[in-house]
Amino acid sequence: MRELSPGLWHWQAPHPEWRESEPWDENVSSYAIDDGERLLVFDPIAPPSEIEELAGERETAIVLTAPWHERDMQGLVERHGVPVYAPRPDTAEDLMRMFGLTAAQAGDGSPDLVWLRAERPDNWRPYEAGDRLPGGIDTFPGHKRNDIVLWIERRRAVIAGDTLVDFGSGLEMNERWLQDVGTTREQVVEGLQPLLELPVEHVLATHGGPFDMAALERVLS
């Protein structure tokens, strides 16, 4: 774990569901922001002991950029009883539209967040692009309805899940993922253009690592 700036933490760990066929690296990134009173943990994977200790001392919340980025969310909720801010999973209709599934194949929709929705529904705080989250977090549309790009003003940080990624060639949008969900690069750029007017210092990819404003300008140009 390393401190990118006072109270802004980054770490990486292997994703337990990674396969060699995946375009992304086995090691994925998580971030945390600590202001001395509130701890926000983003897309948590294998939280380091320092984060676990802080979670027990602070007003803590988990923020997921996408419902499928739950990673080690369950353990943190079980140990600390924290709320989870996460977009709603794909419905059966979403899966049928995006992936051409039949109604039988789509079933009840995505299995994302099943444990949270079934076992700890009171801990779930669903949100969507355009909502403002605790800690001064603004939310912007990503490449899917429920893949959200976050702006944390007090840290001058952008946090991105699957919309802005680094698969070894620097920060980019993955063309395959755009095609899978029927979204164009131009549509994503339009939704994220307001970020270029903000005083961004950190661009924090949860597939990859930290970048700067110049990288964001390149990918949105």
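**Strands, a helix and a pocket**

Student: Which residue of β10 does P141 stand opposite?

Tutor: In this predicted model, where local features need pLDDT of at least 70, side-chain atom pairs count only at 80 or more, and totals for chains, interfaces and linings use all residues, P141 stands opposite I148 of β10. Residues are numbered from 1 along each chain as its sequence is written, and side-chain values use heavy atoms, with hydrogens and water left out.

Student: What makes β9 and β10 a pair?

Tutor: Strands (DSSP runs of E, at least two residues, numbered from the N terminus) pair if DSSP finds at least two bridges between them; β9 and β10 (residues 147-152) have 6 bridges, in the antiparallel sense, so they count as a pair.

Student: Why do β8 and β15 stand at the edges?

Tutor: The open sheet has 6 strands with mixed pairing, in the order β8-β9-β10-β11-β14-β15. Because β8 (132-133) and β15 (210-211) each have a single partner strand, one side of each is left without a neighbour in the sheet.

Student: What does helix α7 touch as it packs on the sheet?

Tutor: Helix α7 (residues 185-192; a helix is a DSSP run of H or I, at least four residues) touches β9 and β10, where contact means heavy atoms within 4.5 Å. The direction of α7 makes about 175° with that of β9, on a scale from 0 to 180 degrees between N-to-C directions of axes fitted to C-alpha atoms, for helices over the stretch in contact.

Student: Which element gives the most to the lining of the largest pocket?

Tutor: That is α6, with 4 residues. A pocket is an open set of points, on a 1 Å grid over the protein atoms alone, where a 1.4 Å probe fits, with protein on both sides within 12 Å along at least five of seven lines, and lining residues have an atom within 4 Å of a point.
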